[in-house]
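Open the model in your viewer and keep the selection tool ready.

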Amino acid sequence: MQTITVDLASSSEQRSYPIYIGSGILERAELILPHLPQKRVAIVSNTTVAPLYMEKLRIALENHGVTCVPIILPDGEEYKDWETLNKIFDALLKHHCERNTTILALGGGVVGDLTGFAAATYLRGVPFIQIPTTLLAQVDSSVGGKTGINHPLGKNMIGAFYQPRMVMADSVTLNTLSDRELRAGIAEIIKYGLIRDPVFFDWLEQNMMRLLARDPAILNEAIRRSCENKAQIVATDERESGVRALLNLGHTFGHAIENGMGYGVWLHGEAVAAGIVLAAELSRRMKLISETDVVRIRKIFSQAGLPIHAPKLTPENYLQLMTLDKKVDAGRTRFILLNRIGEAVMRADVPRAVLFETLSDCATA
């Protein structure tokens, strides 16, 4: 097992927390116990993950005297809404959960985002722990404290920054992940290499086939490197007032794809992959990045079995959907672009004609 610390010690209160990464650590309740104010927890999961891992986690905790309240949600991005959030509140209130009752998120990004938002708002804030079971959640959404739900007009538009007490990423849970979900997680891994870690990008090019084959050593290394990159960025900019926005490479386009196609039709990682290729192409047309680098970017996403063409929504539709992006400031959409592989930059000066041309030429799936 490896431990990475998200160091938020520079804030007014000590809120640093560990990320535990390893194989077969889900049942190591002794890792969780120090982070529980009382020996009572609520475990939020969904209909897909709960049958696989809820009982193992519950037994491990109950063997240490912890009482567990299970809360099972429907599975899918389309359930990341107010109605499903209220199911969590209903269960917490029904079981008289208190301010010292810790809520555990056992599942992928949707479960983690919903649970974190519930924890941030139930009784004005209760402790929570992230136990991500998808690759995308392990390398991205479980780390950094972004929580929230979708709105019919935009993805993740309602939420809160609320940090977990700890994150436990057990790579064994990836054995039950579909190939499609695994590839979706790889999109976020590639993103770290593109925005700030060119050595990691080179490593991914060399090891992509082993990553797709779920080689345990390669998986754990990819998770570790991704979490290290995310932790360093979050420690510098917890609330996304600066450098943390670079983590949204491809997301302005990606969220438009998810919304425009209907939540759940494209997986988040698939939409981000196509969005990153669009961002790279836009960067090339703005003379920021070389054609050689764009070819490498297309190749690695293709190698990973991810989309390299965005769906053919009209450019006008894309532009309308992107006005709902959280990076819009003073009415201007700020794009995360690439100067080169390993160096991302935020730009608000993208010429509308170049953006329109990129969408017209490259959104062809």
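In which sense, right-handed or left-handed, does H6 pass H11? The crossing of H6 and H11 is right-handed. Handedness here is read from the near helix: turned clockwise from the far one, the crossing is right-handed, and turned anticlockwise by less than a right angle, it is left-handed.

Before going on, note that this is a predicted model, with residues numbered from 1 along each chain as its sequence is written. Local features need pLDDT of at least 70, side-chain atom pairs count only at pLDDT 80 or more, totals for chains, interfaces and linings use all residues, and side-chain values use heavy atoms, with hydrogens and water left out.

**Stop one: H6 and H11**

Select H6 and residues 291–303, which form helix H11. Helices (H or I, at least four residues) and strands (E, at least two) are DSSP runs, numbered from the N terminus. The axes of H6 and H11 come within 11 Å and cross at roughly 155 degrees. That makes H6 roughly antiparallel to H11. Axes are lines fitted to C-alpha atoms, for helices over the stretch in contact, and angles run from 0 to 180 degrees between N-to-C directions. Angles under 35 degrees count as roughly parallel, over 145 as roughly antiparallel, 65 to 115 as roughly perpendicular and the rest as oblique.

Now show side chains. Ala187, Ile190 and Leu194 of H6 meet Ile297, Ile300 and Phe301 of H11; contact means heavy atoms within 4.5 Å. This contact has six nonpolar, no polar and no charged residues. Ala, Val, Leu, Ile, Met, Phe, Trp, Tyr, Cys and Pro count as nonpolar, Asp, Glu, Lys and Arg as charged, and the others, Gly among them, as polar.

**Stop two: H6 and H7**

On the H6 side, pick residues including Leu182, Ile186 and Ile190; on the H7 side, pick Phe200, Leu204 and Met208 among others. The contact has 13 nonpolar, one polar and two charged residues.

**Stop three: H9 and H12**

Move to H9 and H12, whose axes come within 9 Å and cross at roughly 105 degrees. H9 and H12 are therefore roughly perpendicular to each other. Thr252, Phe253, Ala256, Ile257, Asn259 and Gly260 of H9 touch Tyr318, Leu321 and Met322 of H12.

**Stop four: the largest cavity**

How many cavities of 30 Å³ or more are there? The count is four. On a 1 Å grid over the protein atoms alone, a cavity is a set of points where a 1.4 Å probe fits but cannot get out; a pocket is an open set with protein on both sides within 12 Å along at least five of seven lines; lining residues have an atom within 4 Å of a point.

The largest cavity holds about 90 Å³. Select Lys155, His255, Leu321, Leu324 and Asp325, which lie nearest its centre among 13 lining residues. H9 gives the largest share of the lining, four residues. The lining has six nonpolar, four polar and three charged residues.

**Stop five: the second largest pocket**

This pocket has a volume of about 270 Å³, the space filled by probe spheres set on grid points joined across faces, edges and corners. Select Leu319, Thr333, Phe335, Arg352 and Leu355, the closest to its centre. H12 and helix H13 (352–362) each give two or more residues to the lining.
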